[in-house]
Amino acid sequence: MSDIRNLLPDPKPSSTAKWSTYASKDISLQMLTDHRLHVTNNADIPDSYIYTQLALPAGTYRFGAEVSDPQNGYASNLLRMVVTPRLELDPAEWNGKMGRVVTPANKVDTDSTVEFRVMVGPNAGSKIWVRHLFVMTDSDYQQMIDAGIEWFDGDSQANSSGRCNTIESRRLQRWHTSSRACSTGSFETCRRPGAPGTC
């Protein structure tokens with residue numbers, strides 16, 4: 001059993017610094033309590049989103065987030081992956097309900113810069129918040145599910161060993177064989193099946 005890695009910097013998140021918008025959009029970003037990244041569309045502009053970019057090797061990836069109930073409309077394609085400059089991959093479809101959303105497994109054919117987008121509704125005053133985001137290889141995502149861990153976002157800070165955003169294989173094995181199916185640590189956030197909040 002190998003380590004699980006969240007490839008997204010500052011996945012909780014702890015600030016807005018890793019997220020950007022384009023000049024053609026009119027979006028406000030702010031941090032709320034409990035690591036909630038709050039996104040507001042200030043104008044009637046469809047296809048509005050915030051984004052971050054990662055340089056990734058060829059592989060198959062998933063993008064996930066916890067999301068709030070929307071206000072004043074929402075975008076059904078909540079999470080998008082775009083291989084720059086314009087190759088759109090399969091988005092995460094969303095029904096506008098608070099919860100966890102994950103894209104299908106998306107194949108990136110060659111080493112690429114991938115843009116990860118979080119959509120907000122098309123109307124002036126459309127709002128959502130997201131938190132506990134991840135970008136993982138599909139194999140890591142499947143390993144997480146197989147280990148009985150419903151959600152993992154990592155942390156923005158490395159622990160004393162220098163690791164960050166990683167569930168180590170020895171912990172995975174312990175969770176997999178434990179009735180708790182989850183354990184505390186200095187740099188991971190996870191969920192027991194059916195349990196709200198962090199463990």
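Visitor: How many residues does the largest nonpolar core have?
Guide: It has 29 residues. This is a predicted model, by the way. Phe63, Val118 and Ile128 have the most contacts inside that core.

Visitor: Which strands each supply at least two residues of it?
Guide: β3, β4, β5, β6, β11 and β12.

Visitor: Take Val118. What is in contact with it, leaving aside neighbours within four places in sequence?
Guide: Trp19, Ser48, Tyr49, Ile50, Phe63, Leu78, Leu79, Ile128, Val130 and Leu133.

Visitor: What about a second core, which residues does it include?
Guide: A separate core of nine residues includes Phe134, Met136, Tyr141 and Phe152. Tyr141 sits in helix α1, residues 138–146.

Visitor: Which residues of α1 are buried?
Guide: Asp138, Asp140, Tyr141, Gln143 and Met144. Just after the helix, Gly148 takes a positive phi of about 80°.

Visitor: Back to β12. How many of its residues are buried?
Guide: Nine of its 11 residues are buried. The strand covers residues 127–137.

Visitor: Which way does β3 run against it, parallel or antiparallel?
Guide: Antiparallel, with four bridges joining β3 (residues 36–41) to β12. His38 stands opposite Trp129 there.

Visitor: And how many bridges between β5 and β12?
Guide: Six, again in the antiparallel sense. β5 is residues 59–67. Glu66 has Arg131 as its bridge partner in β12.

Visitor: Changing topic: loops. Where is Thr103?
Guide: In the loop between β9 (99–102) and β10 (106–108).

Visitor: What does Thr103 touch, not counting residues up to four places away?
Guide: Tyr61, Arg62, Phe63, Leu79, Met81, Asp90, Pro91 and Ala92.

Visitor: Now Pro122. Where is that?
Guide: In the loop between β11 (112–120) and β12. Pro122 is partly exposed, because its relative accessible area is 30%.

Visitor: What is Pro122 in contact with beyond four places in sequence?
Guide: Asn41, Ala43, Asp44, Ile45, Pro46 and Tyr74.

Visitor: How far apart are Pro122 and Gly73?
Guide: 6.8 Å in space, C-alpha to C-alpha, and 49 residues in sequence.

Visitor: What joins Thr84 and Pro85?
Guide: A cis peptide bond, with omega about 10°. Pro85 lies in the loop between β6 (77–83) and β7 (87–88).

Visitor: And phi at His35, positive or negative?
Guide: Positive, about 65°, although His35 is not a glycine. His35 lies in the loop between β2 and β3. It counts as partly exposed, because its relative accessibility is 33%.

Visitor: What is phi at Asp47?
Guide: Positive, about 55°, and Asp47 is not a glycine. Its place is the loop between β3 and β4 (48–56). At 39% relative accessibility, Asp47 is partly exposed.

Visitor: Last bit, the whole chain. How many helices and strands?
Guide: Two helices and 13 strands. The chain has 199 residues, and 47% of them count as buried.

Visitor: What share of the contacts comes from residues 24 or more positions apart?
Guide: 68% of the contacts with a separation of 6 or more.

Conventions
Residues are numbered from 1 along each chain as its sequence is written. This is a predicted model: local features need pLDDT of at least 70, side-chain atom pairs count only at pLDDT 80 or more; totals for chains, interfaces and linings use all residues. Side-chain values use heavy atoms; hydrogens and water are left out. Buried means under 20% relative accessible area, exposed over 50%, partly exposed in between (1.4 Å probe, protein chains only). Contact means heavy atoms within 4.5 Å. Two strands pair if DSSP finds at least two bridges between them. A nonpolar core is a set of buried Ala, Val, Leu, Ile, Met, Phe, Trp, Tyr and Cys residues joined through side-chain atoms within 4.5 Å.
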